[in-house]
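Please find below a short note for a colleague who is opening this entry. The sequence and the structure come before the comments.

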Amino acid sequence: PMPIDSNAIREQFPILSQTVGACPLVFLDSAASTQQPTAVIDAVAGYHRSQHANIHRAVYQLSQGATRDYEEARATVARFINAAEPAECLFTRGTTESINLVAAAWGRATLQPGDEIILSTLEHHSNIVPWQLAAQATGARIKVIPINDAGELDLDAYRRLLSSRTRLVAVNHVSNALGTINPVREIIVEAHAAGALTLIDGAQWVAHGRTDVQALDADFYAFSGHKLFGPTGIGVLYGKRHLLEAMPPYQGGGDMIEQVRFEGSTYAGLPNRFEAGTPNIAGAVGLGAAIRWIEAIGLEWIGPYEQGLLAHASERLRAIPGLVLKGTAARKSAVLSFVLTDPPVSTLDVGTQLDLRGICIRTGHHCCQPLMERLGVAATARASLALYNNRDDIERFADALSEIVERAQTAASAVVEPTPTT
Ligand code: PMP
């Protein structure tokens with residue numbers, strides 16, 4: 001492993017060398033989806049070119065090769081998050097499906113009227129709505145950990161919410177809207193002390209630092225391939241073996257059974273029991289390649305590199321008049337969420353004007369409407385960084401924002417006072 005050479009890294013991302021009109025592409029939306037390096041693009045193309053077949057059932061060599069590739073990807077995932085064994089790593093469509101799997105299979109089988117699930121104000125809709133559906137089906141109730149004005153979880157309030165009624169605590173590792181890095185180890189320890197299980201939404205963490213599900217002692221851990229330099233349509237649900245084994249199936253179909261009779265069926269062991277139907281084999285291959293790529297760079301270098309960019313970007317943005325940063329947690333990932341207030345410029349306008357300059361950011365509620373309500377805004381503009389971003393990206397972005405604000409100021413001061421009617 002060696003320190004990050006962002007120019008060498010950028011060259012591995014063909015998409016980043018394009019221009020939008022006359023402007024170089026500046027991609028600042030990696031919290032939504034990261035771009036893919038040639039190592040991933042080639043692995044997926046290579047699979048399609050010479051290895052593709054349905055897995056598990058055929059005797060012919062091509063299918064056995066595809067099965068081997070798919071299971072190797074699972075082993076790579078297990079090593080990456082330090083799972084005790086590959087069978088604890090289920091392939092899903094992404095974080096959303098991983099959480100729905102737990103909410104549907106574990107939630108509906110376990111939750112009773114009066115049981116409580118603790119979520120937080122920082123959650124993405126995909127870690128809220130599945131629990132609402134499970135609560136509606138079972139009579140369980142949802143409690144919410146509040147945040148302070150910096151966007152950090154109120155841990156004292158969390159401790160007060162925990163009780164013998166708590167069955168599960170489900171929180172994100174990193175907030176997608178604000179970048180807050182949550183003290184998940186501490187949260188898990190407290191939950192376990194209260195006799196509750198934990199689900200960590202790691203969608204915004206896995207690409208930014210080392211993940212060790214055993215050190216965390218997480219019961220469930222979810223993430224998506226497309227935020228980890230891999231393809232869309234593939235993700236992971238990690239679960240402790242004894243918990244997964246005690247859960248009823250999520251979906252029924254081929255591959256997840258042991259024996260099927262019209263009188264009733266028996267189910268396969270892990271991981272097949274939770275992977276009904278033909279999976280996203282090429283996606284798994286791509287995710288495996290993405291993990292090997294990021295491991296070759298060295299996960300320990302990513303955090304410090306991104307924090308350097310974040311510090312510089314924060315300094316530049318703070319110097320822009322009327323720009324208010326939302327989310328100022330002491331520990332945060334490279335996410336800059338902000339609004340322009342003086343003069344006010346809508347986030348939609350900010351996004352559109354930046355796009356005219358080839359700069360991609362996100363605007364809106366970021367699938368976090370309860371959080372937006374708590375912050376007292378309808379939406380924010382969000383720039384999110386990854387290890388292929390560099391100082392030039394930050395300068396272009398900050399210069400463009402300054403220009404947008406200056407123009408808005410000029411327009412505001414040019415408004416002629418209406419002549420009073422006499
Ligand atoms: N949780 C968080 C914190 C996220 O950022 C996202 C993606 N924006 C999700 C869950 C949902 O992930 P996916 O759309 O890949 O299922």
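The points below go from domains to the sheet, then to the ligand and to single residues.

1. The model is predicted. Its protein chain is divided into domain 1, made of 6-30 and 298-411, and domain 2, which covers 40-296. Taken over C-alpha atoms, the centres of domain 1 and domain 2 are 29 Å apart.

2. The contact between the domains takes 23 residues from domain 1 and 23 residues from domain 2. On the side of domain 1 that touches domain 2, at least two residues each come from helix 11 (299-318), strand 14, helix 13 and strand 18 (380-384). Helix 11 gives the largest share of that side, with 4 residues. Sorted by class, the side of domain 1 that touches domain 2 holds 10 nonpolar, 7 polar and 6 charged residues.

3. An open sheet of 7 strands runs in the order 4-10-9-8-7-5-6, and its pairing is mixed. Its edges are strand 4 (89-92) and strand 6 (141-145), each of which pairs on one side only. From one strand to the next, the twist averages 20 degrees.

4. Strand 7 (residues 166-172) and strand 8 (residues 197-201) pair in the parallel sense, over 5 bridges. Val-171 has Ile-200 of strand 8 as its bridge partner.

5. Helix 3 (residues 61-81) touches strand 4, strand 9 (220-224) and strand 10 (235-239). The direction of helix 3 makes about 120 degrees with that of strand 4. Helix 5 (residues 129-138) touches strand 5 (116-120), strand 6 and strand 7. The direction of helix 5 makes about 145 degrees with that of strand 6.

6. Which residues are the closest to the ligand? They are Gly-94, Thr-95, Thr-96, Asn-176 and Ser-224, among the 14 residues that surround the ligand. By class, this shell has 2 nonpolar, 11 polar and 1 charged residues.

7. The backbone has some features to check, given that most residues other than glycine have a negative phi, and most peptide bonds are trans. A cis peptide bond joins Leu-270 and Pro-271, with omega about 0 degrees. Pro-271 sits in the loop between strand 12 (264-267) and helix 10 (281-297). Another cis peptide bond, between Asp-342 and Pro-343, also has omega of about 0 degrees. Pro-343 belongs to the loop between strand 14 (335-341) and strand 15 (344-345).

8. Asn-82 is not a glycine, yet its phi is positive, about 55 degrees. Asn-82 lies in the loop between helix 3 and strand 4. Is Asn-82 buried, exposed or partly exposed? Asn-82 counts as partly exposed because it has 14 C-beta neighbours inside 10 Å, while a buried residue needs 20 or more and an exposed one has 12 or fewer.

9. Cys-367 likewise has a positive phi, near 55 degrees, in a residue other than glycine. The loop that holds Cys-367 runs between strand 17 (362-364) and helix 13 (369-375). Cys-367 has 18 C-beta neighbours inside 10 Å, so Cys-367 counts as partly exposed.

Notes
Residues are numbered from 1 along each chain as its sequence is written. This is a predicted model: local features need pLDDT of at least 70, side-chain atom pairs count only at pLDDT 80 or more; totals for chains, interfaces and linings use all residues. Two strands pair if DSSP finds at least two bridges between them. Axes are lines fitted to C-alpha atoms, for helices over the stretch in contact, and angles run from 0 to 180 degrees between N-to-C directions. Two residues are in contact if their C-beta atoms, placed from the backbone, lie within 7 Å. Domain bounds come from an automatic or database domain assignment. Ala, Val, Leu, Ile, Met, Phe, Trp, Tyr, Cys and Pro count as nonpolar, Asp, Glu, Lys and Arg as charged, and the others, Gly among them, as polar. A residue is near a molecule or strand if its C-beta atom, placed from the backbone, lies within 6 Å of it.
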